[in-house]
Amino acid sequence: MTASSWEVVIGLEVHCQLLTATKLFCGCSTRFGAAPNSQTCPVCLGHPGVLPVLNAEAVRLAVRLARAVGGTLPPESVFSRKNYFYPDLPKGYQITQYERPFCEGGEVEVSLRGVRLVVPLTRIHLEEDAGKSTHGGHGLTEVDLNRAGTPLVEIVSEPALRSSDEAAAYLEELRNLVRTLGVSDGHLEEGSFRCDANVSLRRPGAPLGTRVELKNLNSFTFVKKAIDYEVARQREVLEEGGAVIQETRLWDERVTRPMRGKEDAHDYRYFPEPDLLPLRLRSEWLADALPELPGTRRRRYVDALGLSQYDAEVLTADSATSAFFEAMLAAGAGPKASANWLANELMGRLNTEGRSVSASPVAPQDLAALVVRTQDGRLSSKLAKEAFSRLWAGESAAAAIAAVGEVVSDSAALEAAIADVLGASPDEVAQFHAGKTKVVGFFVGRIMKALQGKADPQLTQALLLAALEARRPT
Ligand SMILES: [Zn+2]
């Protein structure tokens, strides 16, 4: 067998911080960046004798996400204790959901370079976050418990992803989704959207291979690099006849390093949390209106607006881009032309400067005004590009369009220019009449030059041919 006949199998576990003001089981603030240990209380510090009280807002947000992915919501779910020792876990256990999560199944539709991909989910459960250990100066490890008790949802995908590109596209879609729903801010760098990846290899059709869990993937680039590295590492182990060891590995800038042997579920001695009742969902949470989701919007762009899957993917990649596009449509520009100008001209230029659509110096209404002029033929593509450069430089649409001038589609003006050019080129006129039709291009070039490139191309062509016929010797 060849090296390429390994199939890559990836499942992702995403921990996503819910946008609540307070923690999951106490009233402490969840604000990011406060002084260490300033947002704590006896509950989240794990003092003896305290009792957790479930934050209803966290459940409401979690249910929004579950409904958006089409998950099944059992009428009752159960919190469990996951027991382990770690300095940033003062209780000695984490309250999570284990055997009976609040959401089972569901799926996320992803678009990757114009191809649709449906990623099935195993489950989504609610849990509290642990604190944070920092291995700082003075050779000390410091513990900040501000994050302890912060509400999270863990979104577990099926091992259905087959490449690092698919994994990254799925993550971006999921982040776009939680932001659109207002469920999470999705900040990877602040740790409110974190990803672990389970990676294994197998021969196509064979049972799943031994998986390795990758941690510390706190950017989309790291997710891709860590998975690619791990796939290459496992392939080498397997092709040398070795066996992959089930373990947790940490991404460390260029390589993945062993962190610890992988625990199995029984190591955590899960049991139902005795201090919390089973969770029953409120009917108003299940009836809460949802906004148009990125996947639905993409389908609408393809089905109703006639855009390609690829264009729809680009335009729905984040909410700023789709809001820009929607504003162009609202200003009267057509969908295909708007998609082209936004995705190619504007985003192309923004990308070269490393800027996003939300930082565009061109307003959607101004770009739409320019697109409308190209659609009604008053701006040629050459003039429109000149006008676009002026928009980019900060001019208004009216000023930019006035400065480049509109296409000359006035027949009298065109006929005068044609008469001048033909009169000045008797040899070429004779060549045309002798059957050398290629000289038409020469005449068009001269006419365009005389009118500073603003002649309406179709009308010019028609009037030119008529003028040449009128001059044909009898
Ligand atoms: Zn607290």
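In helix 10 of this predicted model, the residues L383, A384, A387, F388, R390 and L391 are buried. These residues span an arc of only 160° around the axis, which means that they lie on the same side of helix 10.

The buried residues of helix 10 pack against helix 8 (335-352), helix 9 (364-375) and helix 11 (397-404). Helix 10 itself comprises residues 381-392, 12 residues in total. From its first C-alpha to its last, helix 10 reaches 16 Å, close to the 16 Å expected at 1.5 Å a residue. After helix 10 comes G394, a residue with a positive phi, near 110°.

Strand 11 covers residues 193-202, and seven of its 10 residues are buried, so the strand is largely enclosed by the rest of the structure. Strand 11 pairs with strand 1 (residues 7-17) and runs antiparallel to it, with 10 bridges joining the two. Within this pairing, S200 of strand 11 has V9 opposite it.

Strand 11 also pairs with strand 12 (residues 212-215), again in the antiparallel sense, and here there are three bridges. In this case A197 is found opposite L214 of strand 12.

Terms used:
Residues numbered from 1 in each chain as written. Predicted model: local features only at pLDDT ≥ 70, side-chain atom pairs only at ≥ 80, totals over all residues. Helix = DSSP H or I, 4+ residues; strand = E, 2+ residues; numbered from the N terminus. Expected span 1.5 Å × (residues − 1). Buried ≥ 20, exposed ≤ 12 C-beta atoms within 10 Å, placed from the backbone. Arc of directions from axis to C-beta. Contact = placed C-beta atoms within 7 Å. Pairing = 2+ DSSP bridges.
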